[in-house]
Amino acid sequence: MTRRLVRLLLVIALAAVAMALPGFTVRGQMPVRAPRFAITNARIVTLAGAPIEKGTVVLRDGVIEDVGPSVATPADAVVIDGSGLAVYPGVIDMSNSTIVEGGIVAAAANDVAPVPTGRGRGTTVATPDNITWADQEREARTRFLHPDVDASRIVVYDGDLVRRLAAAGITSALAVPAQGIIRGQSALVNITAPPDPNEISALATYRRGSVVLRSGVAQHVVFATGRGGGGGEGGGGGGGYPGALLGVIAFSRQAFLDAQWQKDARAFMDRHKDAAVSGFEPGLDALAPALDRKMPVAFEAIEEREIVRALAFAKEFNLDPIIVGGAEAANVLDELKAAKARVIVSTNFQAIGAGGRGGFGGGRGGGEVDTPIRVTHMRQSAVRVAAALEKAGIPFAFTTGGLQNPVDFVRSVGRTVKEGGLSEDSALKALSVNAARLAGAGDRLGTIEKGKIANVIVTDGNLLESPRIRHVFVAGWPVDLEFPPQGQGRGGRGSGQ
């Protein structure tokens, strides 16, 4: 869809509102209503039942107004002839740290960027040789303990980066804080925000609220101080506590123990109003929902030993676990089922094992001269993980896992069908239905049904077979798919994923 058409539709919408309310001035606080669209004569893959071989989808006010083989086209609708085209629910990327403030910086600099939490955190400075253990722990907590970071408050909602995601058919994503060991709470968000009248300031951060579908989806833990950093398994983080893997795990355990003590202490104070209890750390309160199993905890775990370690940690603190990555999840199916865990499978197969810890590597680890046979085998077998999870009845979804080119996301999921034995229907559901349910938004997202959020994509060809994306709608609004080639953005956040 061209930029000119998008602008024209915005003008039409504003004019319609103005004419409907004579004498009323359109102000910046008033939302703009999306025009009504009708996609006709298309094959509709609803994922709520059998595909509709030739039907119509009507979008209005951000939701799917109607869908079916005999739906009449409204007279006021902008009609898109879908003859020879297919309509699918929008794709959901279930773990993305590049769409939050500082996410791209952190991916490039291994977690040394400041964290925008409003609590005075900044970049880490060098420490003297005679630093005390207590000083080291305070420094580590400042750098790596961020449970109160809320991704919904720092999500990026415009720019070439998000349009590239949309151009690949990705309409929603689980935005994950990018920094630390205990990184904070993810949020399910739409990739782009609805347009606003020109009166709205481009710096108005409250506009982020228009893309947030659900906040507080999960608390995220990474047993490493850098996503691809050296220091052996676990990413050393440049020396000092917690540094090595054992220190990282000890740091994480201490944080959850402290949070449990604080939760119990606050409960004691509620029962004994005259008790003098102090020394609370407000940030630790953010771990209380996880300790009460009201919020799942997502552990980045790629190799078998990492998955087992994460499940043991979850069992120790009675947490509700989600495994992110899961390249060797097929080796521990019984353990995953026993823990009632869900798995978010990374499709960044070539980055598995990069950086010396089996992590994603952010897509930057594909240039090793000598790849160990173990890593090569893990990469080859990773495409079969989804099918193994499906057969075992373990809920799963997919994530880009740091892929530099968003177009490769759906293409990689296609490999799990062609090479991994996963059925096409299961793959499509994992990209939408399963993802929406895992994020707690299955009642609003994931299928093409009346009343669901109007996140739909129109393709020329099968979605899993490298089709051409012809149209993308996010909350009923068409996305401008014209932008400079990757690396030649118009500044800001358009540098690609």
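What share of the contacts in the chain with a separation of 6 or more is accounted for by residues 24 or more positions apart? The share comes to 71%, where a contact means heavy atoms within 4.5 Å. The model is predicted, with pLDDT of at least 70 needed for local features and 80 or more for side-chain atom pairs, while totals for chains, interfaces and linings use all residues. Residues are numbered from 1 along each chain as its sequence is written, and side-chain values use heavy atoms, leaving out hydrogens and water.

The chain holds 13 helices and 16 strands, taken as DSSP runs numbered from the N terminus (helices H or I, at least four residues; strands E, at least two). Of its 497 residues, 55% are buried, that is, under 20% relative accessible area with a 1.4 Å probe, protein chains only.

The largest nonpolar core has 87 residues; such a core is a set of buried Ala, Val, Leu, Ile, Met, Phe, Trp, Tyr and Cys residues joined through side-chain atoms within 4.5 Å. Helix H5 (residues 245–271) gives this core its largest share, seven residues. Phe-299, Leu-319, Leu-336 and Phe-398 have the most contacts inside the core. Among the residues that Leu-319 touches are Phe-256, Phe-299 and Phe-313, not counting residues up to four places away in sequence.

Helix H10 (residues 385–392) is largely enclosed by the rest of the structure, because six of its eight residues are buried. These are Val-385, Ala-386, Ala-387, Ala-388, Leu-389 and Ala-392, and they pack against helices H8 (333–338) and H9 (373–382) and strands E12 (342–346) and E13 (396–399). Just after H10, Gly-393 takes a positive phi of about 75°.

Notes. Buried means under 20% relative accessible area, exposed over 50%, partly exposed in between (1.4 Å probe, protein chains only).
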